[in-house]
Amino acid sequence: MKSEDLFKAMNALPDEMLIRSEQAGKEKTGKKRNHMPMVAGAAAVGMAAGVALMVMFTSPARTRSHPAAAENASSGTLQAAGETADQAPYEDPYKGEAFEEAAPETAGTADSGAQEPAEAASEAAEEAGSSEIMLEAEDEIEQAEERTSLTAHTSADLLGPNKGDYVRVEYISETDRLSGGSPTEPAYSEEGEDALTRAVDEGKPELSLFGEKEDVLYYVYLYKADGSYDVLTVAEGGYVSLSNKPGVRMHIPEAVFEEVIDFFEGG
Amino acid sequence: MNDREIIELYWNRDERALSETADTYGNYCYTVAANILGRKEDAEECVNDTLLRAWNAIPPARPAVLRTFLAKITRNLALDRYRRMTADKRGGGQMDLVLEELEECVGSGEQAFIHVDAGESAEDIVQADALGKCIREFAESLPERECNIFVRRYFYAEKTTDIAQRYGMTRNHVSVTLLRLRARLYKKLRKEGFVE
């Protein structure tokens with residue numbers, strides 16, 4: 001049998017099923033979604049889950065939590081499992097498209113954005129040969145550097161008050177992982193950090209005694225300074241679990257999760 | 001004009017049946033063909049062929065749902081045309097991707113199941129019917145949303161981005177869902193002896 005035969009055999013699908021697939025689409029088409037910028041999105045799903053779980057596991061009072069409980073557990077178990085999972089050839093025609101497009105644009109925002117005007121002014125001053133202009137340019141550079149230092153956040157800062165001793169965050173979609181892609185480090189954004197807070201506030205912990213049933217959408221790696229990491233698994237339906245905390249997971253409300261999950265796609 | 005009235009025109013051999021069908025379902029058939037073929041000209045020709053095929057099929061056929069009856073004719077014609085286009089090294093619709101994905105469900109290609117093509121023999125027809133029944137059972141066993149995604153991708157050859165938009169999902173979510181559906185379908189086909 002060839003794949004064409006299989007495609008042709010789909011003609012046996014009942015009429016009502018074909019019609020239903022259209023009607024269901026019509027109902028959803030008008031749905032308005034509130035998209036946030038890609039920068040926030042890249043961070044938010046994983047971060048939302050991460051913060052939610054960290055708070056859930058480490059601080060019932062939801063004060064500044066430290067993932068101390070995670071330190072003694074083995075890290076990266078989910079990633080290891082993922083790496084040995086089904087490696088059947090799978091080519092996603094959209095592999096990493098949104099991420100690859102967005103990351104270069106956003107990665108250097110904090111550094112370059114503030115300094116560009118100052119550099120331009122400096123260049124103008126050199127061309128003019130004016131000491132007064134040079135002084136103004138130097139002032140501007142100093143101010144730009146000050147602004148830069150204030151805005152030079154790391155990806156871990158997306159965790160906000162729940163950052164703990166995590167120093168870096170990376171994520172990868174299940175599709176990209178299966179097609180051999182590598183995790184990406186999101187850039188910081190205030191929107192992303194805000195989204196995490198919302199997910200933490202509205203997420204609910206629940207027992208997951210029989211393992212994950214939902215399809216995995218994203219893996220998020222939370223790195224510590226010593227190179228070890230914890231892995232968050234973000235699954236369909238708003239379920240998030242942490243690698244070193246089996247049996248418990250966080251359920252993020254659909255409305256929040258849908259908004260957050262869109263971030264990965266860049267809106 | 002509703003479906004019943006259009007079908008009556010066919011039965012009365014009234015050529016207005018063709019124009020009414022084109023007005024009502026022309027765009028729909030075009031979309032089905034374009035998903036598979038990619039090229040505007042080919043899709044338009046495919047729609048014309050669909051009308052002719054419908055004219056020849058009704059009567060004796062009296063489709064319960066004209067829309068899906070036409071869609072199935074369009075698919076068959078588009079697939080035939082796709083094969084010719086592939087031989088000519090042209091094309092650009094979703095079909096390459098869809099067939100590539102479905103390859104995962106049929107294994108290495110050295111299966112016991114004989115090639116089904118145009119119902120050339122009684123045995124072919126029996127096998128094709130059995131495969132169709134298997135596909136139908138598989139789809140009916142799926143939760144509604146997964147079933148809808150399966151139908152949009154493998155019946156209508158719709159882009160994953162369009163499916164995602166249609167159902168308010170992310171593209172990645174659709175891709176992952178389809179990946180798992182293909183794995184499940186392969187399992188069923190294997191269990192039922194269609195693939196080894």
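**Exercise 1.** State what share of the contacts in chain A with a separation of 6 or more joins residues 24 or more positions apart.

*Solution.* Two residues are in contact if their C-beta atoms, placed from the backbone, lie within 7 Å. On that criterion, residues 24 or more positions apart make up 72% of the chain A contacts with a separation of 6 or more.

The model is predicted: local features need pLDDT of at least 70 and side-chain atom pairs pLDDT 80 or more, while totals for chains, interfaces and linings use all residues. Residues are numbered from 1 along each chain as its sequence is written, and chains are lettered from A and ligands numbered from 1 in the order in which they are written.

**Exercise 2.** Find which residues of the largest nonpolar core touch the most other members, and list the contacts of A33(B) beyond four places in sequence.

*Solution.* Step 1: a nonpolar core joins buried Ala, Val, Leu, Ile, Met, Phe, Trp, Tyr and Cys residues through C-beta atoms within 7 Å; buried means 20 or more other C-beta atoms within 10 Å of the residue's own, with C-beta atoms placed from the backbone.
Step 1: the core has 96 residues, and V220(A), A33(B), L37(B) and A78(B) touch the most other members. Helix α4 (residues 66-87) of chain B supplies the largest share, ten residues; helices are DSSP runs of H or I, at least four residues, numbered from the N terminus.

**Exercise 3.** Determine how many residues each chain gives to the contact between chains A and B, and which element of chain B gives the most.

*Solution.* Chain B gives 50 residues and chain A 42 residues. On the chain B side, α5(B) gives the most, with nine residues.

Technical notes:
Buried ≥ 20, exposed ≤ 12 C-beta atoms within 10 Å, placed from the backbone. Helix = DSSP H or I, 4+ residues; strand = E, 2+ residues; numbered from the N terminus.
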